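Biologist: I'm new to this one, and I'd like to know where the labels come from. Can you walk me through it?

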Amino acid sequence: RAIDREMDTDNPNAKTIMGLDFGAGDDPTIACIRKGGITKYLEINSKDDGVVIGKVISWFFDNECDVIFGDSLGIGWSAMGSLRRELGAYRCKNIDSRGKPTNIYDRENGREKYLNKRAELYDRLRDLFRFDLISIPDDQELIDQLSVIKTTNNSKGLLQIERKEK
């Protein structure tokens, strides 16, 4: 239902947010740019850090982004450092998927809800789809990637995302 969904785009206060996942090995660097509920998906296959950083900066300005949230693990650590130097720290926010979740309490069950930041972010994304608050492009690779994300509860009942390898 989310593919090319018509969305209200009249909110002048909506921020344009870029989310980045820096590719390692054969994986491309992926950017999802969202304003309100409208999402755009971009990728670059270069392994040259300078080319990737230049392209991300170009995407940032071409799409009039307000902020970048980027994966700060592995190669993302140095890439986000370069982007902070070029665009300013206030525009570039590191995300550590292993880190502590922001919304850690599940009022319904009276306990913590998420194992880590990764589980929290995926659950928030799932809610955007569940409540028809997001529109994604008709891009089969994006659809396939989003469709294979599986959740489980660990032995303490905390929501976690199954490992990519699984």
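Modeller: Here are some labels and the values behind them. This is a predicted model, where local features need pLDDT of at least 70 and side-chain atom pairs count only at pLDDT 80 or more, while totals for chains, interfaces and linings use all residues. Residues are numbered from 1 along each chain as its sequence is written, and side-chain values use heavy atoms, with hydrogens and water left out.

Biologist: What makes α2 a helix, and how do you know what span to expect for it?

Modeller: Helices are DSSP runs of H or I with at least four residues, and strands are runs of E with at least two, numbered from the N terminus. Helix α2 covers residues 75–87, which is 13 residues. The expected span is 1.5 Å times one less than the number of residues. From first C-alpha to last, α2 reaches 18 Å, close to the 18 Å expected.

Biologist: Which residues of α2 are buried, and what covers them?

Modeller: Buried means under 20% relative accessible area, exposed means over 50%, and partly exposed is in between (1.4 Å probe, protein chains only). In α2, G76, A79, M80, G81, L83 and L87 are buried. Their cover includes β1, α1, β4 and β5.

Biologist: Why are α1 and α2 called oblique?

Modeller: Axes are lines fitted to C-alpha atoms, for helices over the stretch in contact, and angles run from 0 to 180 degrees between N-to-C directions. Under 35 degrees is roughly parallel, over 145 roughly antiparallel, 65 to 115 roughly perpendicular, and the rest oblique. The α1 and α2 axes are 10 Å apart, at an angle of about 50 degrees, so the two helices are oblique to each other.

Biologist: What does α1 bring to α2?

Modeller: Contact means heavy atoms within 4.5 Å. I53, V56, I57, F60 and F61 in α1 meet A79, S82, L83, E86 and L87 in α2. These contact residues divide into eight nonpolar, one polar and one charged.

Biologist: Why does R34 count as partly exposed?

Modeller: R34, in strand β2, has 29% relative accessibility, so R34 counts as partly exposed. Setting aside neighbours within four places in sequence, R34 is in contact with K15, T16, I17, T39, L128 and I134.

Biologist: What about D132, buried or exposed or partly exposed?

Modeller: D132 sits in the loop between α3 and α4. Its relative accessibility is 34%, so D132 counts as partly exposed. D132 also has a positive phi of about 55 degrees, although it is not a glycine.

Key: Nonpolar A, V, L, I, M, F, W, Y, C, P; charged D, E, K, R; others polar.
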